[in-house]
Amino acid sequence: MRRVRLLVLGMLSLSLAAPGYASRPATDSAATPRSPVAAELRATLAAQPRGDLQRGKALHQSLMCAACHGETGVAPTGNWSSLAGQRAAYTYKSLLDYQRGDRHEDDRANLMAVVVRDMTRQDMADVADYYASLPPPPAAAPKLTGETRRHIEQLVRRGDPARLLTPCASCHGASGQGGNNETPALAGQSVGSLAQTLHDYRSGRRVTDANQGMRQFAQRLTPDEIEALAKYYASLSGKRR
Amino acid sequence: MGPLMKSPFTRSPLFKPLLLAAAIAVLTAWLTPAQAAQPTGAAMAHTCAGCHGTQGKLGRVEFVPLAGMAETEFKRAMLDFRAGKRASTLMGHVANGFSDSEIDAMARYFASVK
Amino acid sequence: MLKRREFLQAGAALFCAAALPARATGATQAGAGHVVVIGGGVGGATAAKYLKLANPALRVTLIEANRTYIRPYGSSEVLTGHVGMDDLNVSYDALRSRYGIEFLFDRVVGFDPARRRVRTAGKRDIAYDKLIVSPGISLQYQAIPGYSEAAAASRAPSGWIPGPQTALLARQLQAMRPGGRFVIVAPPSPYRCPPGPYERAALVTEWLARHNPTAKVIIVDPKDSFVTDAGMQLGWHRLYGYNIPADYLKDMPADVVNSGRPAPIEWLRAKDGGTPRGIDSAALRVATDAGWIKADVLNVIPPMRAGKLAFDMGLTDAGGWCPVERRTFESTAHEHVFVIGDASIADAMPKSGFSANTQAKVTAQAVVNQLAGREPGEPIWENTCYALAGSDYGLFVADVFRLKDGKIAQISGQRYLPLDASKTRIRLAARYQQAWLKTFTEDCFA
């Protein structure tokens, strides 16, 4: 019994010193992306430092985040995601994923890998909390009508039991405001950015979802559904939490 | 003599300095780069195309597509780059080559591209 | 190829016999006409595309000797295997199908400026209203005693115009003996792609560190400075332990300290005796003021001047480049003929692809305006050259140019990546260089 407790303590201290979500050497960027192990991820997120908003704002400047993600964290084009109002745990985890070398699904990810290389975990927490503190992106004009709209609202609220699809809202919130842990807010994201992300999960190019949650979901969507879902979430306004 | 010369204003001791100031203002405006011959919005926008795509239309994600960008967004970015308020790899250098009214003209051009 | 006089006569004789009307199309429609572009490199391709963008009613014919373009920018990456020779190929299909540009894959062998006609090797006689020539550069192999085109093709390649010499140089690098010396002979100014020889040196040094770690790169240079020299040397210092010369050291960040140990890259400047005086291509060595430099692989980038066609057409001056009226790049030698790109004399503008691209746009608009009876607009040009000190270490030069007192002047101030730039900015510049190779090719050719 005592041995077991020691072992547990040992594992705990190990995970505190170097949480399971360890970075790879920077030279190893071409390595095969890994999926997170859920327990490791939980421990890592639990150890996320408290962010300093002023430092976060300064890093947003000096790391040139605004070039793609917009000066106020609202992306000026559909190529990149908006970060304003995003859940800090998601931003923090994403930055770690880039640094671990687990995301090179597209040209965006390759660029991010360059930007995060020298960031400390404190830096990541600072920018994550800074973005979380900004007003979320505004809602785009609704683009869905008629049958498509009804179908997508059904998917979001009720899922599709026939395809074993859980409702999007059960994790991402009733109004796309994000959920527990690292589950991101989707409201107000641009159509292009969200659709690209779903396609990356669908094709398996992106593998950084715990328990393959998003891959299993996206693989059962049609390309038309992905496009419509992206339009749906773009038209929602992110609520402050 | 026109009615202006008889007005109380023209008799004011401030009239001569004011006239001089107005003349200087006109001359300065004429001489400042903003008032010098200005390339068209399209001509200036074409210098961006090597990175930002022909007419600002770009299929790649590393650089920002400029076609259809809101005028205010474009102007704020360029003015901030020029003032050094926004970090960049080289956009600060490039923005330095354009006056306010030229940035306005480029903004109108890109906003008009469908 | 004919001598220049024969070249012009070949055109004249033919056109007299043909006795065709002087104007190409009669330009019945306001602003319409036939513009012929010679040379399908960056300048010519961009000019043809932007002519059609400005006025789709214009008839545009592009005459080019080769069916596929081999891009020179980024071609040093072939040496290190980062890209293959095939990756340099650029198709003309998009220009043809998307913009309706007519292509003639042929060589120009005759020119009659009085009657506005050109003649091709394939015996086509083509009349133009306006002619844009983008002849590029020619390499003066024979300008260095002992060097020749034959030597470049077999023993000591230049690889400055990409092609078989590039592939040969790549094979020589890969086969170099352990601890061998890769010697680059840099050209005198002006030349195409000012940071290019030094970027090539950097990429080869980086490759050797991995595959031939005791080998060495030596640059033999007739100059004392080059574009981005401070930033490039700082990159070499950080990445390869290069020792920075004393005169550059004073402007470097405080943490820069030379080790004094032999470094895998060395820059032998004119003031250090680096001026190349001759090449012994059999023994692979370069004669310099500092003595013979022995090479295992010898890459000679010879002096340059305008492309041969520019000489044949009588567009060059005594210095070997093409004088132009700066606002439009209309040749001062022939009316209705415009010379753009590396071959033109453009004052402060470097001889680069980006320069040729923005010159092409200004000239295309000026030609469209002339044909429509309008004044040429106010010109503006730009140049952005990215360069690598390593595959993850980017540099750049960025300029905006305007017309000032009849000359082209840089008006945007600071040109280079500052020496105190952050690591992120340096790495992003390298990433952007890779992206730029693609976006730039699209703006010129698609």
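How much area do chain B and chain A bury between them? Let's find out.

## About the model

This is a predicted model, in which local features need pLDDT of at least 70 and side-chain atom pairs count only at pLDDT 80 or more, while totals for chains, interfaces and linings use all residues. Residues are numbered from 1 along each chain as its sequence is written, chains are lettered from A and ligands numbered from 1 in the order in which they are written, and side-chain values use heavy atoms, leaving out hydrogens and water.

## Where the chains meet

Chain B and chain A bury about 1,200 Å² between them, with 55% of it on carbon and sulfur atoms. Buried area here is the accessible area (1.4 Å probe) that two parts lose on being put together, summed over both. Chain B brings 15 residues to the contact and chain A brings 13 residues, where contact means heavy atoms within 4.5 Å.

The rule finds two salt bridges across this interface (a side-chain nitrogen of Lys or Arg within 4 Å of a carboxyl oxygen of Asp or Glu). In a salt bridge, the side chain of B:Arg76 meets that of A:Glu71, at 2.7 Å from N to O.

## A look at the cysteines

Over all chains, the structure has zero disulfides, a disulfide being a pair of cysteine sulfur atoms within 2.5 Å. For B:Cys48, the closest cysteine sulfur is in B:Cys51, and a bond is ruled out because the 8.9 Å between the sulfurs is too far.

Are these cysteines buried or exposed? B:Cys48 is buried, with a relative accessible area of 15%, and B:Cys51 is buried too, at 10%. Buried means under 20% relative accessible area, exposed over 50%, and partly exposed in between (1.4 Å probe, protein chains only).
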